[in-house]
Amino acid sequence: MGLTAPLIMLEGAALKIISANALKEGHPLWWTGAAWSRDIEMAVHLEPAKAQAVLDARLKADATLIASGELEDALNRRGETLRRQAIRAVGPTVRPDLHRVPEPEPMAFKKAA
Amino acid sequence: MYLPSELDRQIIQDRADQYRDQVTRRLSGVMSEDQFKPLRLMNGLYLQLHAYMLRVAVPFGGYSASQLRALAHIARKYDRHYAHVTTRQNFQFNWIKLSDTPAILDLLAEHGLHAIQTSGSCVRAITVDPYAGFARDEVGDPRYIAEAIRRWTSFHPEFTFLPRKFKIAISGSPEDRSSFRVHDLGIQLIEQDGELGARIFAGGGLGRGPAIGVEVVAFSPMKDVIGWVEAILRVYNAAGRRDHLYKSRIKVLVASLGQDAFCQEVKAAFDLGAPTRPRLDAAEFEAIRKAFQAPVFEAEPHRPRPLHDTSAPALTNAKAYEAWARIMSIAHKVPGYVGVNVSLKRQGGIPGDIDADQMDGLADLAERFSQGELRNTQNQNIILPHVRQVDLPALYAGLCELGLESANIGRASDIVACPGMDYCQLASARSIPLAQLLSERLAASGLDEEAGAVSIKISGCVNACAHHHVADIGILGVDKTDTDYHQIMLGGSAGPDAQLAKVMSKALSTDEAIEAVIRVLEHYISIRIDGEEGFAAVLRRVGLDGFKGAIDGAA
């Protein structure tokens, strides 16, 4: 545990997820590898170089679907979803009444070419 | 309050029409995000963690009951039933859809409102003393010169693309309630030999590298104020850094040139601009003054009653009313009237948030008791500026029905907090949970009442939107191993003799920060003289070291 776990965490921290906001509605989205989803659990973890290439491609291909795009660390050093991303995924921690209620199926409105 | 002219309305509607076309082109793909982003920002539309955020300008913090109802309608129809009052006296909506924004801007325009100058590298919406026009210590109403500057800077082609944003604050009183020393440009109206004029400062600012503005002009006649503002903007526009985001504010330019050299540059620009210098002559000034709807005061304000009258039939809790009237009333220049603070700092609540029903209810109360006028303050509260003392009990009863009766203005629980990581893309830590927990703790411990006037301001990052550098107790959020941590600072103050707070602690967890603040307040209470010495006075007397033990838990 003492040796293995930190190594796994460091590897996890190096991987990236691709995040964006929906152009029309503004809500957060994550790239699943095949589509954009509102569910961060569906986000694909990629090596940084690969993630950047995918992001560049999506920004071009999905210009009328997303307003922005960025790479974020997939996990923090404790192996958890980054706090900022976790808050984006759910809603403000101070307004649980406004938290997102996930749809039965992830909202994927754009299949990858 | 300012009444938009037909020209104002036409300009606002024209801008809304342009924006509708821009959104259409963006949604259809004709315009790229890179092309669209600066345009949406010029209309106050940011992209935050959960959605678009629309910042609505409230020039000089003042607005009408009918405008507040329009904002409540936006909150209900296009947002999630609430709005947020910012430290720049504006309103923000946090859950906006891009596709709804053209309709929202149309609605705002219909009510003389807009989002112009709420973002971008331009002169931002000007802030003034929220007591403007009714403060007893006022030498001149700061709103008139603010409006003159607004008219002159709006869409000014020379100053639309400055190196960075440019914030102006104006005070009309010796006591500062606008923090003019920590703005890019600060103006304090003063009298000299019976003439009203302005003392002008530049190079102040909070955020990264906070700085206190330096005096550029000791006394300017009112007619020349715009000329001096033009000269300062011109020097900044020409010499301000555009190569480095964090070095682009005027405070960096002033620091790099030095006060004397900067002032010389400004004087040269002022002289050079003399032939075409914009002047504010008496007729123009009078026209601006007339654009503000003057309140109508009764000469004999109805059966004079003591300020803390408890005889109104609606009152069920006379003791609470008495405390509220004492703490929340503001001395008014007209006998028989008071200004009334409405606190948006309910115990355990979110500082600055107000829901749509409260907005509608407050609009009704403003019409009944304050000539339909309201103000936002830099401390994220609201003021009803012209209330007859005789109406205080009925107003209190109305506020109680809305849940807006908190009596804590200026106290420790009147915490200013930025949205922090719960909403903001830039934040390093959450601010609101700390504010909520701290306000509950202060109330439960009785410290809030015992400590009296102490300011606490919590920012979620170095951008300092909560102005933590100028608080008695400033708290800065930092990110440490992806967890909320906070640094505590002491000894800041705005005002003519502004001082920046000094860092007093290492990064503390939220629980540790709360305990440290509690210890600081307990220590302050234990060493203040006669139970009345103010927090800043105690700090001056004992020095920061006198509080180190309280911060560290060793006192």
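**Sheets and interface of chain B**

Trainee: Which strands does helix 11 (residues 356–369) of chain B lie across, and at what angle does helix 11 run to strand 15 of chain B?

Mentor: In this predicted model, helix 11 of chain B lies across strand 12 (337–342), strand 14 and strand 15 of chain B. Its direction is at about 30° to that of strand 15 of chain B.

Trainee: What sheet has the order 3-14-15-12-11 in chain B?

Mentor: That's an open sheet of five strands, with antiparallel pairing. Strand 3 (62–64) and strand 11 (329–331) of chain B are at the edges: each has a single partner strand, so one side of each has no neighbour in the sheet. On average, neighbouring strands here are turned by 35° against each other, direction ignored.

Trainee: What makes strand 14 (residues 373–376) and strand 15 (residues 382–388) of chain B count as a pair?

Mentor: Pairing takes at least two bridges, and strands 14 and 15 of chain B have two bridges, in the antiparallel sense. So they meet the cut-off. Within this pair, R375(B) stands opposite I383(B) of strand 15.

Trainee: How many bridges link strand 8 (residues 185–192) of chain B to strand 7 (residues 168–171) of chain B?

Mentor: Four, in the parallel sense; S171(B) has Q188(B) of strand 8 as its bridge partner. Strand 8 of chain B also pairs with strand 9 (residues 195–202) of chain B, over eight bridges and in the antiparallel sense. There Q192(B) is partnered by E195(B) of strand 9. The hairpin of strands 8 and 9 of chain B has two residues between the strands, and D193(B) takes a positive phi near 50°.

Trainee: Why are strand 16 (416–417) and strand 20 (502–503) of chain B called edges?

Mentor: Their open sheet of five strands has the order 16-17-18-19-20, with mixed pairing. Strands 16 and 20 of chain B each have a single partner strand, so one side of each is left without a neighbour in the sheet. Helix 13 of chain B packs on this sheet, touching strand 16, strand 17 (456–459), strand 18 (473–480) and strand 19 of chain B, and its direction makes about 160° with that of strand 17.

Trainee: How do you know that strands 19 and 20 of chain B are paired?

Mentor: Two bridges join them, and the strands run antiparallel. At least two is what pairing needs, so strands 19 and 20 of chain B qualify. One such link is L490(B) with K502(B) of strand 20.

Trainee: Now the interface. What area do chain B and chain A bury between them?

Mentor: About 2400 Å², 52% of it on carbon and sulfur atoms. L49(B), H50(B) and D482(B) supply 24% of the area chain B buries against chain A, more than any other three residues. The contact takes 38 residues from chain B and 28 residues from chain A.

Trainee: Why is the link between D484(B) and R83(A) called a salt bridge?

Mentor: The side chains meet at 2.1 Å, N to O. The cut-off is 4 Å, so the pair passes. Chain B and chain A have three salt bridges between them.

Trainee: How many residue pairs are in polar contact across the interface, and which elements of chain B touch chain A?

Mentor: There are 18 residue pairs in polar contact, both residues at pLDDT 80 or more. Helix 1 (6–28), strand 5 (91–96), helix 13 (432–445) and strand 19 (483–490) of chain B each give two or more residues to the side touching chain A. By class, that side of chain B has 18 nonpolar, ten polar and ten charged residues.

Conventions
Residues are numbered from 1 along each chain as its sequence is written. Chains are lettered from A and ligands numbered from 1 in the order in which they are written. This is a predicted model: local features need pLDDT of at least 70, side-chain atom pairs count only at pLDDT 80 or more; totals for chains, interfaces and linings use all residues. Side-chain values use heavy atoms; hydrogens and water are left out. Contact means heavy atoms within 4.5 Å. Buried area is the accessible area (1.4 Å probe) that two parts lose on being put together, summed over both. A polar contact is a pair of N or O atoms within 3.5 Å; within protein, one must be able to donate a hydrogen and the other to accept it, and residues adjacent in sequence count only if both atoms are side-chain atoms. Ala, Val, Leu, Ile, Met, Phe, Trp, Tyr, Cys and Pro count as nonpolar, Asp, Glu, Lys and Arg as charged, and the others, Gly among them, as polar. Axes are lines fitted to C-alpha atoms, for helices over the stretch in contact, and angles run from 0 to 180 degrees between N-to-C directions.
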